[in-house]
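Subject: Structure handover

Hello,

My notes on it follow below.

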Amino acid sequence: MAPEVSDEDIRAAALQYVRKVSGFREPAAHNRAAFERAVEAVAEATRELLDDLEVRGRGGPLRRPPARS
């Protein structure tokens, strides 16, 4: 059974991916907007994937719904 994945987990994984493919741990000021857009795009694609996956024998989604404030 796969563990539930939180939005924080998804964002951290997206950040790690963008850092890896860009070669930058932190972007320069002039690249910050592009870097953040890439992180958000990867995170959103990951959310969509996890929301759409159907896992046999599991009664719920892989992604944990965000906490309500």
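Ala43 touches Ile10 and Ala14, leaving aside residues up to four places away in sequence. Please keep in mind that this is a predicted model. Ala43 sits in helix α2. Its relative accessibility is 0%, so Ala43 counts as buried; the cut-off is under 20%. Leu15 is 28 residues from Ala43 along the chain. The C-alpha atoms of Ala43 and Leu15 are 8.3 Å apart.

Now the overall make-up. The protein has 69 residues, and 19% of them count as buried. Its secondary structure comes to 2 helices and 0 strands. The accessible surface is about 5,500 Å². Carbon and sulfur atoms hold 54% of that surface.

Next, the helix pair. Helix α1 covers residues 7-22, and helix α2 covers residues 32-52. Their axes come within 8 Å. They cross at roughly 130 degrees. How are α1 and α2 oriented to each other? The angle of roughly 130 degrees falls between 115 and 145, so the two helices are oblique. The crossing of α1 and α2 is right-handed.

Here is who meets whom in that pair:

- From α1: Asp7, Ile10, Arg11, Ala14, Leu15, Tyr17, Val18, Arg19 and Ser22.
- From α2: Phe35, Glu36, Ala38, Val39, Glu40, Val42, Ala43, Thr46, Arg47 and Leu50.

What kinds of residue make up this contact of α1 with α2? They divide into 11 nonpolar, 2 polar and 6 charged. Ala43 is one of the α2 residues in the contact, and Ala43 is buried.

Two more residues are worth a look on screen.

Thr46 is also in helix α2.

Val5 lies in the segment before α1. Val5 has a relative accessible area of 22%, which means that it is partly exposed. Where does Val5 stand relative to Leu50? The two are 45 residues apart in sequence. From C-alpha to C-alpha, Val5 and Leu50 are 8.5 Å apart.

Best regards

Technical notes. Residues are numbered from 1 along each chain as its sequence is written. This is a predicted model: local features need pLDDT of at least 70, side-chain atom pairs count only at pLDDT 80 or more; totals for chains, interfaces and linings use all residues. Side-chain values use heavy atoms; hydrogens and water are left out. Axes are lines fitted to C-alpha atoms, for helices over the stretch in contact, and angles run from 0 to 180 degrees between N-to-C directions. Helices (H or I, at least four residues) and strands (E, at least two) are DSSP runs, numbered from the N terminus. Angles under 35 degrees count as roughly parallel, over 145 as roughly antiparallel, 65 to 115 as roughly perpendicular and the rest as oblique. A crossing is left-handed if the near helix is turned anticlockwise from the far one by less than a right angle, and right-handed if clockwise. Contact means heavy atoms within 4.5 Å. Ala, Val, Leu, Ile, Met, Phe, Trp, Tyr, Cys and Pro count as nonpolar, Asp, Glu, Lys and Arg as charged, and the others, Gly among them, as polar. Buried means under 20% relative accessible area, exposed over 50%, partly exposed in between (1.4 Å probe, protein chains only). Accessible areas come from the Shrake-Rupley method with a 1.4 Å probe; for residues, only the protein chains shown count as cover.
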